[in-house]
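Biologist: Please take one part of this model and go through it closely, together with the side-chain pairs that belong to it. I would like each term given with its cut-offs.

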Amino acid sequence: MKTLVFDMDGTLADTYGVNGWLQMLRAEDPTPYEKATPLYDMMLLTAILWVLKNDGWRIAVTSWLAKESSPEYDAKVRQAKIDWLHRYDFPYDEIHIVKYGTTKANCTRKHGGFQILVDDNEKVRKGWTLGDTINANENIIPALSALIA
């Protein structure tokens, strides 16, 4: 089993590029999650991911909710993130939208096998214990393309 595990904010979606994103999150306004633009050409990215899926890779999305958020806001954010993935036809097999700070490996550990985390957060990448990581602060397209058999 081989799995690619993608973060969303700052990895796939330019959430932090939405003007006033932090103030909106603190006000429990889901707009940054709804309005974020893709950080990549999504047609190219999804084409690469479909090739990888056909080669046996699973695609998971594991993304954090906002810090110190209410259950009502968490529900809005979960829906906004799912809607964002659907809007851009991101081909995932599973999704985990979890409390801020959750150890991401705990979400996909049950599948076993080799897993690669694609994330912009260095601390999260350093804590990954299930395989390799791809630094999403750099262009992820070459690293993903290199996985094609």
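Modeller: Two strands count as paired if DSSP finds at least two bridges between them. Strands (E, at least two residues) and helices (H or I, at least four) are DSSP runs, numbered from the N terminus. This is a predicted model, in which local features need pLDDT of at least 70 and side-chain atom pairs count only at pLDDT 80 or more, while totals for chains, interfaces and linings use all residues. Residues are numbered from 1 along each chain as its sequence is written, and side-chain values use heavy atoms, with hydrogens and water left out.

Strands of a sheet pair through backbone hydrogen bonds, either parallel or antiparallel.

Five bridges join β2 and β3 in the parallel sense, and Ser 63 has Ile 97 as its bridge partner in β3. Four of the five residues of β3 are buried (under 20% relative accessible area; over 50% is exposed, and partly exposed lies in between, with a 1.4 Å probe and protein chains only), so this strand is largely enclosed by the rest of the structure.

Helix α4 includes Asp 74, which counts as buried at 4% relative accessibility. Leaving aside neighbours within four places in sequence, Asp 74 is in contact with Leu 65, Ser 69 and Lys 99. The side chains of Asp 74 and Lys 99 are joined by a polar contact of 2.6 Å. A polar contact is a pair of N or O atoms within 3.5 Å; within protein, one must be able to donate a hydrogen and the other to accept it, and residues adjacent in sequence count only if both atoms are side-chain atoms.

Next come the charged pairs. A salt bridge is a side-chain nitrogen of Lys or Arg within 4 Å of a carboxyl oxygen of Asp or Glu, and the whole structure has seven. In one of them, Lys 81 and Asp 9 have their closest N and O atoms 2.6 Å apart. This pair links distant parts of the chain, with Lys 81 in helix α4 and Asp 9 in the loop between β1 and α1, 72 residues apart. Lys 81 counts as buried at 1% relative accessibility, and Asp 9 is buried too, at 9%. Asp 7 forms another with Lys 104, with 3.0 Å between the closest N and O atoms. Here 97 residues separate Asp 7, in the loop between β1 and α1 (21-26), from Lys 104, in the loop between β3 and α5 (105-108). Both Asp 7 and Lys 104 are buried.

Last, the rings. Rings of Phe, Tyr and Trp (its six-membered ring) pair if their centres lie within 6.5 Å; planes under 30 degrees apart are stacked, over 60 edge-to-face and the rest tilted. The whole structure contains four aromatic pairs. In one, Phe 6 and Phe 90 have ring centres 5.3 Å apart and planes at 85 degrees, so the pair is edge-to-face. Phe 6 belongs to strand β1 and Phe 90 to the loop between α4 and β3, so the pair ties together parts 84 residues apart in sequence. Both Phe 6 and Phe 90 are buried.

Definitions and conventions
Contact means heavy atoms within 4.5 Å.
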